[in-house]
Amino acid sequence: MNMRKVIATASLAFIAQVGWAAPEEWPVSAGGTGHHFEAILVTGGITWLTAAADATDRGGYLATITSGAENEFIFDLIKSVPAFWIPDGVNAAGPWLGGFQPPGSGEPAGGWTWVTGEPWSYTRWASAEPDNLHGTEDRLHYFDKGIQSQPTWNDVPGNYLLPGYILEIPEPSSLALLATVIGAVMLRPRRSGVDLRETPTQRRKPVPELSARQMHARCLTREVADA
Ligand SMILES: [Ca+2]
Ligand SMILES: [Ca+2]
């Protein structure tokens, strides 16, 4: 068992998960992809990397969004479910999505990548996002800025404990290929000796954008050197 597998297994051992509902298909007949989506609620919160590993274990991946219609379809799964949102009185932090910045990307908007390697063509950033706050934000999640119930996105550090994630499950025939592609995408460009892994000890309390300003010193993202 390699170190990556050890870390993923250790991380998953810490979380108790509750699937919110049966996966919902985005039908081809309705202009969709035929993929299924499920909002996964995680008691105590979950980091981005642990969510990504859990999504793989469930036969899918963190949701990737390449159109406004897809963004709206996914957002409808969670927009009226308070458990998926951490409000701070001004904004609300929602679940993880499958976007990330490989190390060395231009900031704040450069290098954004979907875990599947699909084109980063559509975006729905919240106003003034991505802002790479404190220089540590490189993972994507839903962020309801101003509590306006809009399907907008934000960048945050991957070690935040957000309330869950969106699972996307493709058609069965494409699963094996996608597993290979996702592995390749998530491990590609990186600085020498550094990769995208985390350890359980890096997990921190969930903090919405404003609170993050005070929490910065304790929320710095660290990366684990290649084994
Ligand atoms: Ca960033
Ligand atoms: Ca941000």
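Start with helix α3, whose buried residues pack against β3 (36-46), β6, β8 and β10 (162-169). Before going further, this is a predicted model: local features need pLDDT of at least 70, side-chain atom pairs count only at pLDDT 80 or more, and totals for chains, interfaces and linings use all residues. Residues are numbered from 1 along each chain as its sequence is written, while chains are lettered from A and ligands numbered from 1 in the order in which they are written.

Some terms. Helices (H or I, at least four residues) and strands (E, at least two) are DSSP runs, numbered from the N terminus. Buried means that 20 or more other C-beta atoms lie within 10 Å of a residue's own; exposed means 12 or fewer, and partly exposed is in between, with C-beta atoms placed from the backbone. Contact means that two C-beta atoms, placed from the backbone, lie within 7 Å.

Back to α3. The buried residues there are Glu70, Asn71, Phe73, Ile74, Phe75 and Ile78. Take Phe73, which sits in this helix, residues 68-78. Phe73 counts as buried because it has 22 C-beta neighbours inside 10 Å. Leaving aside neighbours within four places in sequence, Phe73 contacts Trp26 and Gly32. Glu25 is 48 residues from Phe73 in sequence, and their C-alpha atoms are 9.7 Å apart.

Next, strand β8. Why is β8 described as largely enclosed by the rest of the structure? Six of the six residues of this strand, 139-144, are buried, so the rest of the structure largely encloses it. In a regular strand the side chains alternate between the two faces of the sheet. In β8 both faces are covered: Arg139, His141 and Phe143 are buried on one side, and Leu140, Tyr142 and Asp144 on the other.

β8 also has strand partners; two strands pair if DSSP finds at least two bridges between them. β6 (residues 92-100) runs antiparallel to β8, with four bridges, and Trp96 has His141 as its bridge partner in β8. β9 (residues 153-156) is likewise antiparallel to β8 and joined to it by four bridges; there, Tyr142 is partnered by Trp153.

Now helix α2. Eight of its ten residues are buried: Trp48, Leu49, Thr50, Ala51, Ala52, Ala53, Asp54 and Ala55. Just after α2, Gly59 has a positive phi of about 90 degrees.

That brings in the core. A nonpolar core here is a set of buried Ala, Val, Leu, Ile, Met, Phe, Trp, Tyr and Cys residues joined through C-beta atoms within 7 Å. The largest one has 42 residues, and Ala51, Ala52, Leu62, Ala63, Leu97, Tyr165 and Ile166 touch the most other members. Helix α2 (residues 48-57) supplies the largest share, six residues. Ala51 touches Ile46, Leu62, Trp96 and Tyr165, not counting residues up to four places away in sequence.

For the whole chain, there are five helices and ten strands, and 39% of the 227 residues count as buried. Of contacts between residues at least 6 apart in sequence, 73% join residues at least 24 apart.

Last, confidence. pLDDT is the predictor's confidence in each residue, from 0 to 100. The chain averages 79, and 68% of residues score at least 70. Residues 1-15 are below 50, with 18 contacts in the model beyond near neighbours in sequence. Residues 190-227 are also below 50, with 78 such contacts. Where pLDDT is low, the predicted coordinates should not be read in detail.
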